[in-house]
Amino acid sequence: MEYGKEEKTTNLAFSKVVTSRLGGETISLCYQCGTCASSCPVAKITERFNPREVIKLSLLGEKNEVISGDAIWLCCSCYNCQERCPQKVEIADVIYALRNIALEEGYIPNIYSEFASALLNDGRIVKVSKFVENKRSVLGLPPLQPTGVDALRKILSATGFDKLQQKEEESE
Amino acid sequence: MDEVKVGVFLSDCGNQLSKILDFNALTAYVKNVSGVVLIERNSEFWRGDGLQTIVDAVKGRKINRVVVAESLPKLSEVNIVQTVEKTGLNPYLVEVIDLKDHCAWPHRETPQEATEKAKAMLLAAIERAKLLEPIEKLEFPVLKSALVIGGGIAGMQTAVDLTDLGFEVNLVEKAPFLGGLAARAGRFFPTDDCAICIQPPASDVKTITHTSRKCVYRSGFSEIPNLNILTNSKIVSVEGVPGNYKVTIEKKPRYVNELKCVRCDLCTTICPVEVPDEYNAKLKNRKAIYMNIPNVHPPVYVIDDSVCKFNDCAKCVDVCPTDAIELNQKSEQINLNVGSIIVATGFQEYDSSIIKEYHYDDYPNVITNLALARMIDGFGPTGGVIIRPSDRKTAKKIVMIQCVGSRDRRYNPYCSSICCMISLKHASLIKSAYPDTDITICYIDIRTTGREHEHYYERAREMGIKFVKGRPTEILRDPETGRLIVDVEDALLKKFLELDADLVVLAPAMVPAEGTKELAEILGLELDEDRFFKEYNSKLRPTETKLRGIYLCGGATFPKDAPTTSLHAHSAAVKAAKFLSTGKIVKDQRTAIVNEEYCGDCEFCPVTCPYGAISLVSTTEEHLVARISDLLCEGCGVCVGTCPLNAIELRHSRPNQMLAQMKALMSINGTSKPLVLAICCSECGHTAVDSAGMARMQYPANVRVMKVPCTGILQVHQVLEAFKVGAQGVMVVGCKSDGCHYEVGSQKAEKKVELAKMLLKEYGIEPERLEMFKMVFIEGNKFAEAAQMITERLEKLGPLQLMRGS
């Protein structure tokens, strides 16, 4: 941890940025009791993610460490932490807010950008493989129809999703 | 009525003011104001020669209105008014203003403008004085007796204090025995002594030294001659007024005659009915006829009528050697008249079963601090041994969890303030009795504020008690061994721990005692957001309530440790004694009065009155009119501001008096700037103006201050009238919303100002000409800045254009 080394103003601003984002509003209520950490199934198996620590770093303004690291992408969104947080910090939602910030700044793990391209191109996150098609016919299910990808693109464009994706591609 | 003769007394503060204000011009101006018969000038008028001048003028020159311009009026007024009263003139015919801090000092850089403003201020005071009316003093009787609700340490201590002072005290306890939570807690920090000892009453003849303290049972508490103890009783209703409350109490049957029982124990031995003992956290059973612990008070058994078989069994009746058991006892209703009521209902543990992840309901080895306290108590269900309730074997590994349901925004957001100390006390007591016990405390923050408290934390660490900074997410149970596992992250190590435990002790939040809400409704008291009784003012009146004669003490207002409870109890006793001692309430009639001709059928004022002083009564014409109690009315005028029919007035601040003042203040400008009327409440608003002057802050002299009891008195049309009589802008200056001296006044005023702004807009007047400001009295700078700001704003807007007839 190197908090305090960065310029003070950026540090202070970061927790405010998170608070102003959808899902991030409750972050400052955290008093570091660690209920989230001990509730977290991911934290129990890897040291790479600890929700309490993500929140603490964000509150201290360690923006770079938070958004460039892979911790925020390891949350499995089980919401156990959020259910048990005594301060009603919406922890999983805070992590979504942090992911959105990371994305805007060009930080996104490859797997997520692949999902995004797939969604924009085919209207599906996971490509339909031959294996799936065969399996469906064995089970007597009808073949999958092409998705209404044009309509989906319109929606994704209206929400700004496509721009994020472009940004990601530019930065690569 | 006699002809009005005004005497004006101008203090120049030892010629300090005359360096700024032209006193000759002031005198010349005042002389020509109608009604003025006398003008005097002196260096001061509130004491010595100056004060004598006023007395002589009242006696010799027969003046019947006194206008004094004096510095520090809030101090000097007291003396002047008291002296005037002695001369026989009604003291409410005196008007004191401050030419120093409200005029000379803040405008010292523009002496000519200051002089013109001083003229306006004097004129306003004279015009108001002319319209003042005598106000009478009223007396209301006060019974010299009190009711104390709650027989825990707070209630008992208050009762001892009040009986020592000679008052008749009735102590009501809903449980069959006294002692409350304290008796169950066993021992107290920071002294580690018994919880249930009190300062003995004066009637205890064996109390030799004033340092002595005694257990309730040997203190002679029950034998205090002027104390009436009613256990097993609850309050059914309270009616009446301060000084004379009519209380109805239901006393449930004990089925054992208190005067006959000799505590021989034959009845409990023979009783065949056994039930889990709630008092002892169900760690043991008790009989249907029982006593909580051997040293309880009163030392008489009680029969639990929810389980007793009565005449189907009656074995206890047969065996009792003194015929003390009376199975045919019935509930009785007791009516009392008391002058004062002290609420000492305390607090209790929060129901931990609501927090599902801690399994308080399903796992017998998960207990709370209170159950642990019972185990530690030598008189308790385990005789001082710490056991696992599941198999009653000694608990060797104990994990304590702090903040269970407190500091938790899902349940109780507040810190219960005593649980850290309770757990530290328990851990240390166990560790010193059984040093090989392994104790771990899981905490979020350890809070040991208070005298001698940090020492507990220190000692606990020395003893080898372990601390884990982390709030466990869940308590698990090993399905095979039945042992408990506490799942927690130690945040300092960033390590996940699975703590093995025989016994897990929760430190639940402390919440108001059961029945608090119902009692609040019966008494007409407010609860705070955490559902505790709300005191009148947590800083200045920590034991008083909005209702005169009703006091609070102990845990009823918030969880408290024993020293604080004791402090609070003594304090409440003093307040109650002060109220009861004179046998009467003397109160002047600076209250609201209803014009019944205009009043009718709406219910705004009774709802709005912060003091519950207004009731609706039906008249002969079969419509409802408001009736105001002179005893309860505090004279704020919030009802005046609320009444849609202008049917209510304050005797000491009538609309015509206010209008005359307004007109006078706006009649002279003397500056090149637009006139501003600053309507200030008599509390923070007006004193903020004092502060600005005292600190010699400068603001323009076109700002004129008018004092009202509370900004809540303002009616929308009054604000508009200010513009009509010449104001170019209006400031309303009140207390902060949560600091209004009359509870709701400044909030009400804010709404009026909003409404008035809308109307101004309709009339084509810029709504920015009107502004509400809220400040506390030390914020003189805020007032000066506001005055400057509004003046500049008005200069930018240009002169006010009033339409003819608007």
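Student: Which residue is the bridge partner of B:Val148 in S18(B)?

Tutor: B:Ile342 is the partner. Keep in mind that this is a predicted model.

Student: Which strands form the open sheet, and in what order?

Tutor: The order in chain B is S10-S7-S6-S18-S31, with parallel pairing.

Student: Why are S10 and S31 of chain B said to stand at the edges?

Tutor: Each has a single partner strand, so one side of each has no neighbour in the sheet. On average, neighbouring strands of this sheet are turned by 15 degrees against each other, direction ignored.

Student: Which helix lies across S6, S18 and S31 of chain B?

Tutor: Helix H14 of chain B, residues 562-581. Its angle to S18(B) is about 170 degrees.

Student: Where is B:Ala344?

Tutor: B:Ala344 sits in the loop between S18 and strand S19 (347-349) of chain B.

Student: Why is B:Ala344 called buried?

Tutor: Count its C-beta neighbours inside 10 Å: there are 33. The label buried needs 20 or more. So B:Ala344 counts as buried.

Student: What does B:Ala344 touch, leaving aside neighbours within four places in sequence?

Tutor: Its contacts include B:Val148 and B:Ile149, as well as B:Cys553 and B:Ala569.

Student: Which residues does B:Ile149 touch, not counting those up to four places away in sequence?

Tutor: B:Ala344 is one of them. Others include B:Val172, B:Ile235 and B:Leu519.

Student: Which residues have the most contacts inside the largest nonpolar core?

Tutor: B:Ile149 is among them, with B:Ala146, B:Val148, B:Ile341, B:Ile342, B:Met400 and B:Val504. This core has 133 residues. Apart from it lies another core, of 116 residues, including B:Met666 and B:Leu760.

Student: Is B:Ser222 buried, exposed or partly exposed, and how do you know?

Tutor: B:Ser222 has 15 C-beta neighbours inside 10 Å. Buried takes 20 or more, and exposed takes 12 or fewer. The value falls in between, so B:Ser222 counts as partly exposed.

Student: Where is B:Ser222 found, and what is it in contact with?

Tutor: B:Ser222 lies in the loop between strand S9 (214-215) and strand S10 (227-230) of chain B. Leaving aside neighbours within four places in sequence, its contacts are B:Ile229, B:His297 and B:Pro298.

Student: How many residues of chain B are in contact with chain A?

Tutor: 16 residues of chain B are in contact with 15 of chain A. Strand S27 (residues 484-490) of chain B gives the most to that side, with 3 residues. The side divides into 5 nonpolar, 2 polar and 9 charged residues.

Student: What percentage of the 806 residues in chain B is buried?

Tutor: Buried residues make up 50%. The secondary structure of chain B comes to 21 helices and 40 strands.

Terms used:
Residues are numbered from 1 along each chain as its sequence is written. Chains are lettered from A and ligands numbered from 1 in the order in which they are written. This is a predicted model: local features need pLDDT of at least 70, side-chain atom pairs count only at pLDDT 80 or more; totals for chains, interfaces and linings use all residues. Helices (H or I, at least four residues) and strands (E, at least two) are DSSP runs, numbered from the N terminus. Two residues are in contact if their C-beta atoms, placed from the backbone, lie within 7 Å. Ala, Val, Leu, Ile, Met, Phe, Trp, Tyr, Cys and Pro count as nonpolar, Asp, Glu, Lys and Arg as charged, and the others, Gly among them, as polar. Two strands pair if DSSP finds at least two bridges between them. Axes are lines fitted to C-alpha atoms, for helices over the stretch in contact, and angles run from 0 to 180 degrees between N-to-C directions. A nonpolar core is a set of buried Ala, Val, Leu, Ile, Met, Phe, Trp, Tyr and Cys residues joined through C-beta atoms within 7 Å.
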